[in-house]
Amino acid sequence: MTQKDIEKRALIFTTFMNGLLTCAGLWVYLTTGIQALFLDFFFSFIALVSTFAAIIISKISNKKTRSFPEGLQFLEPLYSVFKAMLIVTLLIFSVVKTAISTYQYFLTGNGTPLNLTPVLPYTIAMFILCSTISINNTIQNKRISNVSTMLRTEAKINFIDGLQSLIIGFATFLLLLTNINGPFGFLYYTGDFFVTTILVIVTIKQPISEIIEAFREIAGGVSKDKSINGFIGNVISKYLVGAKHSYYIYKKGMFIKPSIIIEEPLNSELYQYLIEKRQKIFHEVKSKYENITIDYKFR
């Protein structure tokens, strides 16, 4: 089974699970009207829709065209950018919306108490399901040497979704222990804002870091993945002991491109040496990362 096949199977499983999460999230939000649960539902909905796109991208990203002779790998980090940006926008929107309703409550003293009855069992189930998806995508990505940008994104997003459910469940449990007529009874009317704000503070770092990492891939920046850089760097150093060199490793989606810089004058003997070693480097790296090409550059 190729690395692409493993990625596709993981994405199909993720799509099915996200479908379950979306249906459950919509039901509990319509039942309770709690904005924090809308945030939880919409995360699942975004995940469901985007994984359909991810499956399509996984199928076509290796196709080569005249305009993109090395393939359409840029679609993979581009997918991650759009998904993460949508999530950041949603997080900010949710805080603003709940802040407005909380302000109105403190201003007028009028509001509707939260319906918490179905929340606790829902959040427990969602945490278990989201954790299952995140762990599965992490494991499958490790099987292919953590080369899949999309599986990395899906694992992070489902981790965020599960963390949100855990925080909502914990807050619900504490609120159920609170007397609505006591000094903290106002939380039945304003707790949605505080829980949503905590969710945003805890989770917003993940999509922002994903945007930065994906933009680096799209822009052609060098890889920051220590496992990829370490493995390929060791292979290059092992075979090019007879030539003064340095190297950079670029990654775009599942496509990896080591660029080896030869820092000595080129002659026929060195040229033959480099051709021979390039093949050995290529075959050893390809045993772990299937979609690669190796370039020599000369100073």
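This is a predicted model: local features need pLDDT of at least 70, side-chain atom pairs count only at pLDDT 80 or more; totals for chains, interfaces and linings use all residues.
**Entry 1: helix 7 and its cover**

I began with what lies over the buried residues of helix 7, and found that the cover includes helix 3, helix 5 (149-176), helix 6 (187-203) and strand 1. For my own reference, helices (H or I, at least four residues) and strands (E, at least two) are DSSP runs, numbered from the N terminus. Covering here rests on contact, which means heavy atoms within 4.5 Å.

Residues are numbered from 1 along each chain as its sequence is written, and side-chain values use heavy atoms, with hydrogens and water left out.

Which residues of helix 7 are buried? I noted Pro207, Glu210, Ile211, Ala214 and Glu217. Buried means under 20% relative accessible area, exposed means over 50%, and partly exposed is in between (1.4 Å probe, protein chains only). These residues cover an arc of only 125° around the axis, so they sit on the same side of helix 7. The arc is taken from the directions that run from the helix axis to the C-beta atoms.

Next I checked the length: helix 7 (residues 205-218) has 14 residues and reaches 20 Å from its first C-alpha to its last, close to the 20 Å expected at 1.5 Å a residue. That expected span is 1.5 Å times one less than the number of residues. Just after helix 7, I saw that glycine 220 takes a positive phi of about 85°.

I followed three strands that form an open sheet in the order 1-2-3, with mixed pairing. Strand 1 (245-252) and strand 3 (295-298) stand at the edges with a single partner strand each, so one side of each has no neighbour in the sheet. From one strand to the next, the twist averages 25°.

Two strands pair if DSSP finds at least two bridges between them. Strand 1 and strand 2 (residues 255-262) pair in the antiparallel sense over eight bridges.

Helix 8 (residues 226-239) lies across strand 1 and strand 2, and runs at about 145° to strand 1. Axes are lines fitted to C-alpha atoms, for helices over the stretch in contact, and angles run from 0 to 180 degrees between N-to-C directions.

**Entry 2: a loop with positive phi**

I then went to the loop between helix 4 (119-143) and helix 5, where serine 145 lies. Its phi is near 65°, a positive value in a residue other than glycine. Asparagine 146 is found in that loop between helix 4 and helix 5 too, and its phi is near 55°.

Is serine 145 buried or exposed? Serine 145 counts as buried, because its relative accessibility is 13%. Asparagine 146 is partly exposed, at 30%.

**Entry 3: the cores**

A nonpolar core is a set of buried Ala, Val, Leu, Ile, Met, Phe, Trp, Tyr and Cys residues joined through side-chain atoms within 4.5 Å. The largest has 34 residues, and Ile232, Ile256, Ile260, Ile281 and Tyr289 have the most contacts inside it. Among the elements that each supply at least two residues of this core are helix 8, strand 2 and helix 9 (268-286).

Leaving aside neighbours within four places in sequence, I listed contacts of tyrosine 289, including Ser145, Ile232 and Ile256. A second, separate core of 30 residues includes Met17, Phe43, Leu90 and Leu91.
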